[in-house]
Amino acid sequence: MGAESGHNVQKGEMCAVSRVHIEKLVSDWTQEIVQDTDLELVDVEYVKEASGWVLRVYIDKPTGVDLEDCRTVSEALDIRLDEADPIPGPYCLEVSSPGLERPLKKPADFERFAGRKVQIRTYGAIHGRKRFEAVLNGLKGDSVVLEWEGETIEIPLELIAKANLALEL
């Protein structure tokens, strides 16, 4: 199974794997699972919480995901995870919608959600600040274009630490 995804993983072979590697592996598998559907992979997180390790997979589709979409992806991913066994120790697999404050990860996300209010956090100060709540105007080259405090500003993608849609009530 691992060879199909471009990863040569044998059961029990990976005993000390990095969080980044696990997220990349699960990301690749999830991409394969959703590739012939109207679903898209939004993000994968492998995080330590009070209750233990959680492998979180966020999926979406134009009409919004439902319980059946989550179940289908979860079951297919569960098979891959059981076969390859890349994660040492116990963890909980969660497959869900990214929610109303969906993260913006790919350049295409910044085009798709143009016109929407976003929250952006940068690695360093731009215009004297690291946090912006603004209207997303899209992409211009490798920069995100925002309408912020009455002016149009550009933030290079590589300077964005986190971006997500802002809840609009």
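A salt bridge is a side-chain nitrogen of Lys or Arg within 4 Å of a carboxyl oxygen of Asp or Glu. The views below come from a predicted model, in which local features need pLDDT of at least 70, side-chain atom pairs count only at pLDDT 80 or more, and totals for chains, interfaces and linings use all residues. Residues are numbered from 1 along each chain as its sequence is written, and side-chain values use heavy atoms, with hydrogens and water left out.

**View 1. Lys106 pairs with Glu40 in a salt bridge.** The closest N and O atoms are 3.3 Å apart. Lys106 sits in the loop between S3 and H3, and Glu40 in strand S1, so the two are 66 residues apart. Helices (H or I, at least four residues) and strands (E, at least two) are DSSP runs, numbered from the N terminus. Lys106 is partly exposed, with a relative accessible area of 30%. Glu40 is buried, at 17%. Here buried means under 20% relative accessible area, exposed over 50%, and partly exposed in between (1.4 Å probe, protein chains only).

**View 2. Arg102 also forms a salt bridge with Glu40.** Their closest N and O atoms are 3.4 Å apart. Arg102 belongs to the loop between strand S3 (92-96) and helix H3 (107-112), while Glu40 belongs to strand S1 (residues 40-49). The pair is 62 residues apart. Both Arg102 and Glu40 are buried. A network of salt bridges links Glu40, Asp60, Arg102, Lys106, Asp109 and Arg112.

**View 3. Arg56 meets Glu94 in a salt bridge.** The N to O distance is 2.8 Å. Arg56 lies in strand S2 (residues 52-60) and Glu94 in strand S3, so the bridge ties together parts that are 38 residues apart in sequence. Arg56 is buried, with a relative accessible area of 12%. Glu94 is partly exposed, at 31%. In total, the structure holds 18 salt bridges.

**View 4. The largest nonpolar core has 21 residues.** A nonpolar core is a set of buried Ala, Val, Leu, Ile, Met, Phe, Trp, Tyr and Cys residues joined through side-chain atoms within 4.5 Å. Val26, Leu55, Val57, Ile59 and Leu81 touch the most other members. Helix H1 (19-34), S1, S2, helix H2 (67-84) and S3 each supply at least two residues. A second, separate core of 17 residues includes Leu104, Ile126, Leu136 and Val144.

**View 5. Leu55 and its contacts.** Contact means heavy atoms within 4.5 Å. Not counting residues up to four places away in sequence, Leu55 touches residues including Ile22, Val26, Val44, Leu81 and Glu94.
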